[in-house]
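Q: Can you walk me through this model, one feature at a time? I want to learn how to read each one.

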Amino acid sequence: MTSIAIIDSGGANIASLAFALKRLKFDSVLTSDRSTIESADRVILPGVGAAKNAMSRLDRAGLVDVIRGLTQPVLGICLGMQLLFDRSDEEDTECLGIIPGIAGKLPATSESPVPNMGWCATRLRQPHPLLDGLEDGCFFYYLHSYALPVSEYTLATTTHGVEDPLEFSSLVAYENFLAAQFHPERSSAAGATVLRNFLLGVT
Amino acid sequence: MVKGVQFRSHRVVGDILELAERYCHEGADELVFYDITASPDNRSVDRSWVSKVASVLDIPFCVAGGIRTIGDAEDVLNKGADKISINTPALSRPELVTELARRFGSQCVVVGIDSREEKGEYRVHQFTGDVQKTRTTSRTTGDWVSEVQDRGAGEIVLNCMNQDGVRQGYDIEQLRGIRRLCTVPLIASGGAGEMQHFAEVFEKASVDGALAASVFHSAEIPIARLKQYLVDRRISIRPQG
């Protein structure tokens, strides 16, 4: 029985993640309890809302060093992905500093609106167990205004914009820390594949 | 591509769930649930159905109707909705848009706008859920789009009332005009009758999504066929399934 801890970062919309795990026949617990998080087989850091607010909640809950010290597979989703990196340009927020990189604001025009909201084709850039069963160019559901640049840790990418498209990281892997900019819990079959790979495929 | 599921709140939850699963399975990219009686009767939606919908859907969905306070929005989002859409309450108290965006982030906050052309000008309508109470406001649609965007709305659903229900195609001209001043996602609503209408609105008005209710509901346009048609027209859209 795989135990899954979803870190309660205070954002709304965590129910949909628990429901998605349930559809895969996995139970999860929403928690800010240190020992529950440390002893879980898998840890998910979700997040909807603003980076500064989420970081101060993690700080107040005494979870900053706990997350930094985790050795089991950890998956950051959307804002949760950005929090795993060094910084975010959103209110110039210092983040957890686990994965090198800075989240920057997506440029907005009427051809490429921000938030980037909707289904985007995603390119697979390097092999990884998290990508098993996915096809290059598959679609995931994105909902964000900030994004991470492409780096050596990038597994998959998406572009934003038409004229001069900006490529950003959709999936990242750094040691045991994995991160998705899109919402796997709302990305139909492809999203379920990513979650299943995280639960069963990575060690 | 967004599917609107419109219902009055006495509709039984089983029906809503069945529809939700059907559209999800057929390849809809997003669902919007409207409780169209909520605003005119000055009361809120019964929200027990939201968690039930959230547990079966693996695509995003938005709840519209009866959200007037931060507490209302929090309730809906905590039950698993991805976005909340406000229309009449935003017109009554525009600060609500600002407050919602600050609390939950712009990505959760959709503003629905009912717009109708009168004497050569597009104007915003209010209380459109009830024919008896529907009224024109003093606002032009363009001004209202700019205002809600400045206040932090993360998406705009523009319902073109002149086109609504007549199935003659989306209001391309109006949507193009709004597109020019809209830097957040813009969803076209009202007027879809044929597959070609969807292609036109993406190609000519550069909208981010197209919403339709009746043509999907009646299965007149099967979602899978529409998607294949749009893919063949080289419109960037998630292929079916």
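**Reading a two-chain model**

Q: What should I know about the model and its numbering?
A: This is a predicted model: local features need pLDDT of at least 70, side-chain atom pairs count only at pLDDT 80 or more, and totals for chains, interfaces and linings use all residues. Residues are numbered from 1 along each chain as its sequence is written, while chains are lettered from A and ligands numbered from 1 in the order in which they are written.

Q: What does the radius of gyration say about chain A?
A: It is taken over C-alpha atoms, and the globule rule is 2.2 Å times the number of residues to the power 0.38. For the 203 residues of chain A, a compact globule would come out near 17 Å; chain A has 16 Å, which agrees. Its C-alpha atoms fill a box of roughly 50 × 35 × 30 Å along the principal axes.

Q: What share of each chain is buried?
A: A residue is buried if 20 or more other C-beta atoms lie within 10 Å of its own, exposed if 12 or fewer, and partly exposed in between; C-beta atoms are placed from the backbone. In chain A, 53% of the 203 residues are buried. In chain B, 51% of the 241 residues are.

Q: How do I read strand pairing?
A: Strands of a sheet pair through backbone hydrogen bonds, either parallel or antiparallel. Two strands count as paired if DSSP finds at least two bridges between them. In chain B, β3 (residues 61-64) runs parallel to β4, with 3 bridges. B:A64 has B:S85 of β4(B) as its bridge partner. The chain passes from β3(B) through α3(B) to β4(B), a right-handed β-α-β crossover. Right-handed means that, with the strands pointing away from the viewer, the path from the first strand over the helix to the second runs clockwise. β4(B) is also parallel to β5 (residues 109-118) of chain B, again over 3 bridges. There, B:S85 stands opposite B:V110.

Q: Which way do the residues of β4(B) point?
A: From β4 (residues 83-86) of chain B, B:K83 and B:S85 point one way and B:I84 and B:I86 the other. All of them are buried.

Q: Which strands stand at the edges of the open sheet in chain A?
A: Its 4 strands run in the order β6-β5-β7-β10, with mixed pairing. β6 (93-94) and β10 (146-147) of chain A are the edges; each has a single partner strand, so one side of each lacks a neighbour in the sheet. β5 (residues 85-88) of chain A pairs with β6(A) in the antiparallel sense over 2 bridges.
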